[in-house]
Amino acid sequence: MSTRIAFLKGHGTENDFVIVPDPENVIDLSPAAVAALCDRRAGIGGDGVLHVVRSAAHPDARDMAAEAEWFMDYRNGDGSVSEMCGNGVRVFARYLQRAGHVAEGDVAVATRGGVKTVHLAKDGDVTVGMGKALLPEGDVTVSVGERSWPARNVNMGNPHAVAFVDDLAHAGDLYAPPPFSPAAAYPDGVNVEFVVDRGPGHVAMRVHERGAGETRSCGTGACAVAVAAARRDGADPAETGTPATYTVDVPGGTLVITERPDGQIEMTGPAVIVAEGEIDAEWLENAIR
């Protein structure tokens with residue numbers, strides 16, 4: 001490991017990330033190293049790490065290299081691997097633009113949830129083609145303290161449980177994962193969204209992200225919420241033939257989610273790079289001992 005490792009810091013609706021450019025996949029980002037980088041007091045701080053690797057250089061992405069040059073090797077703040085991060089892929093694309101790897105317009109990004117098409121608009125917003133939602137059958141319940149709610153099981157490449165509540169405060173502090181049942185519904189854990197209505201086509205949410213705790217925003221979670229809201233509201237685009245668009249307020253800002261009649265989902269929101277610098281490799285090595 002070299003004595004200095006380049007990094008950047010970015011966020012999408014305050015869902016923040018440490019960005020580590022590593023085109024040839026030579027940096028050993030162990031779970032402990034990722035957790036150290038994401039530590040908000042002893043490290044740089046972030047909800048996760050965006051490891052920027054050429055698809056051809058990573059074993060998890062080589063089969064996508066013909067479609068997408070770059071692979072978002074995403075890690076949660078605790079060091080665990082995640083399939084997809086909607087806010088992260090917008091920030092990832094913004095980094096590629098800043099580094100001169102891509103220009104305005106469309107760019108393909110490989111993720112463990114498949115290849116995503118990202119559009120970098122002139123006005124600064126970034127739109128991500130999030131693919132289709134899967135709606136596994138079966139009843140799911142989530143709980144906080146003595147309260148419990150039925151939840152919609154939505155998979156956006158990663159698992160979500162969406163619960164509509166009367167007050168976002170009912171979600172509690174969200175430090176620990178909210179209990180859910182049945183356990184078999186989410187064998188690897190789940191992202192849990194608590195949702196209230198703000199008006200027609202307008203909701204607000206809080207989220208406990210698997211491996212990160214409560215975050216200021218969750219892109220896949222906002223998509224899951226919009227899908228669940230459309231089904232609840234009788235606005236399933238596959239049945240109505242009309243796109244369903246929801247404005248989703250998160251603690252860190254606002255995302256706009258559109259589901260089309262063919263099931264494809266688009267998410268639009270900001271993506272900002274706020275800093276860049278160098279990580280001291282000796283510090284990182286000591287931090288993970």
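These legends accompany several views of a predicted model of one protein chain.

View 1. The chain holds 5 helices and 18 strands, and its C-alpha atoms fill a box of roughly 55 × 40 × 30 Å along the principal axes. A compact globule of 289 residues would have a radius of gyration near 19 Å, and the 18 Å found for the chain agrees with that expectation.

View 2. Of the 289 residues in the chain, 51% are buried. Among the contacts with a separation of 6 or more, 61% are made by residues 24 or more positions apart.

**View 3. Cysteine 85 and cysteine 218.** With a disulfide taken as a pair of cysteine sulfur atoms within 2.5 Å, the count for the model comes to 0 disulfides. Cysteine 85 is in no disulfide, since the nearest cysteine sulfur, which belongs to cysteine 218, is 6.7 Å away. Cysteine 85 is also buried, having a relative accessible area of 4%.

**View 4. Cysteine 223 and its closest cysteine sulfur.** The sulfur of cysteine 223 has its closest cysteine sulfur in cysteine 218, and because the two are 8.7 Å apart, they are too far from each other for a bond. Cysteine 223 is buried, with a relative accessible area of 0%.

Conventions: Residues numbered from 1 in each chain as written. Predicted model: local features only at pLDDT ≥ 70, side-chain atom pairs only at ≥ 80, totals over all residues. Heavy atoms only, no water. Helix = DSSP H or I, 4+ residues; strand = E, 2+ residues; numbered from the N terminus. Rg over C-alpha atoms; globule rule 2.2 N^0.38 Å. Buried < 20%, exposed > 50% of the residue type's maximum accessible area, 1.4 Å probe, protein only. Contact = heavy atoms within 4.5 Å.
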